[in-house]
Amino acid sequence: MTVLAVAEHRRGELRDVSHELAGAGRELADATDSELHLAVVSGDVDAFGEALVREGVDRVHTVDYGEEFNHDVSVQAVEQLAGELDPDYLLVPHTVNGLDYAPAVAERLGLPIVTDAVDMAVDGNLAVTREMYGSKVETTIEVDADRAVVTLRPAEWPQAPTGGDATVEPFDVSIDESAVRSTVTGFEEVAGGDVDISEADVLVSVGRGIEEEDNLDIIRDLAEALDATVSASRPVVDSGWLPKNRQVGQSGKVVTPDVYIAIGISGAVQHVAGMKGADTIIAINTDPNAPIFDIADYGIVDDLFEVVPALTEQFGG
Amino acid sequence: MKVLVTVTDVAVVDDEFEIDGLDVDERYLTYELNEWDDYAVEEAVRIAEDGEDVEVVTVTVGPERSEETIRKALAKGADRAVRVWDDAIAGRELLDAETKAELLAAVAREEEPDLVLSGVQSGDDSFAATGVTLAEKLGEEWAAVVNQLDLDADAGVASVHRELEGGVEELTDVELPAVLTIQTGINEPRYASLRGIRQAQNKPLDVQTLGDLGLDESALETPLRWTATYEPESEGEATVFEGGADETAGELAAVLREEGVGQ
């Protein structure tokens, strides 16, 4: 039996989630008495292939075709690899690029797909743990089939340790160029602006709970009183109330301040990915079950419109 | 030109809730237009406003309850709507991404849109796979997590930005027809005007069953089974301050001063 995990890279670098996939893949392979194969498609596959040789990995397959991720190429390459290796489980990162090709591969191979897995167990069938309703509940989805595609949430599994003696083998693909109907033309960094929130020691971060743009004034007052920088979660930036360079999270900036004050932020997984490295996390939110309290060091369960002005007053604001 | 927008009526859970069997007890759920789909509707309506002879059609897999949400999309400027539902669909506990895509594909084959816009994910089950699965079923191109769209209908190309992680966007050209999954922040969704809400009441909303779409119950078969739902155990060890706002703010201020903040 075989577990096949497909690594991810971008702009010349293998992403950490690739090694997490190897870690998760080994666990699944142990539970099913399988071999763990890794694959990497496009880019500097020789260097990537060597880097993917880690403990618990049996074989690494490199597909030397094109420089950057292109979903049409990845779909064809992974389809052909799956045809050759006949894997029981195909693991792909639950990332923007993973989501851009894994569902198509599953459809083409006629396999069920379970996305955003945070845990997996095998007891006869594969059972996948995932979250619903913005992390408020966890559910189990059982796969009543021998094979499946599963996308894994980043940062949920340990990275496979370095070492190991896997063989690295080039895999010859036959890409039908007429079926490559998308072209990656470049990359663009989100504008940096005048403030770099990743450099700030203290962040006063505001989320959906602020309700209206005008209410941001109480956040600015607090930030001024604390000599802190204002940042935000996605909904505030989507609303155009603060510029994109203030966004903390998976698609925004990763920040590691000494103190992070999350105000009216529920703590969606995409946000937490960007701020969990803060030394001290403080959460102010009306919902006692908000996931932000799971990672906070200090919390206040109350109306931010009462607590924030009171806090500002404490600092003479 | 025709733009098809997938519109989902998603469940939102109250702060306090109870689980009944596999799902949250209905008493604690309210329903609303899926946030990502709101942006997709807005993008489609803008395409219609920029071009001549563009029709915007919404498609929803959902019970009669979802018509309230569908009317909101119509009030924002969609021209007409299709809702897919029948007893067989209602009887399924789990409508996974593949099953939803199968139903949506049947509608898309009848409608033959030039472009399908779909939210990146739904706010309740968050599969985030329906749009790309739909594209593959239709044999069309796609792009996932689009946060900027420039459409050149004459050249048959959609130039998109895809929002990657870490503040980087990928620029990609995609051949039409295509399915694009739309990320929040791509635009600023409008509020429905009173006039729009009045007009929406008279716009066509067709209900289609499996049979109407030429499908049978085999279209609903999936090897995925929803077997358990539970509240995750809190891993939190937060010190939570209790009391009135002045009291808790005072305690928090003491912590902040200890951390050297505001001095």
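## Strand pairing between the chains

Two strands pair if DSSP finds at least two bridges between them. Strands are DSSP runs of E, at least two residues long, numbered from the N terminus. In this predicted model, strand E18 (residues 298-301) of chain A and strand E15 (residues 239-241) of chain B run parallel, joined by three bridges. A:Tyr298 stands opposite B:Thr239.

Residues are numbered from 1 along each chain as its sequence is written, and chains are lettered from A in the order in which they are written. Local features need pLDDT of at least 70, side-chain atom pairs need 80 or more, totals for chains, interfaces and linings use all residues, and side-chain values use heavy atoms, without hydrogens and water.

## Strand E10 of chain A

E10(A) runs antiparallel to E9(A) (residues 125-132), with seven bridges. A:Thr139 is the bridge partner of A:Arg130. E10(A) also pairs antiparallel with strand E14 (residues 224-230) of chain B over six bridges. There, A:Thr139 stands opposite B:Thr229.

## The interface

Contact (heavy atoms within 4.5 Å) links 84 residues of chain A with 85 of chain B. A:Val96, A:Tyr133 and A:Arg181 supply 10% of the area that chain A buries against chain B (accessible area lost on being put together, 1.4 Å probe).

Eleven salt bridges (Lys or Arg side-chain nitrogen within 4 Å of an Asp or Glu carboxyl oxygen) cross the interface. In one of them, A:Glu107 and B:Lys137 have their closest N and O atoms 3.1 Å apart.

Note on methods. Helices (H or I, at least four residues) and strands (E, at least two) are DSSP runs, numbered from the N terminus. Buried area is the accessible area (1.4 Å probe) that two parts lose on being put together, summed over both.
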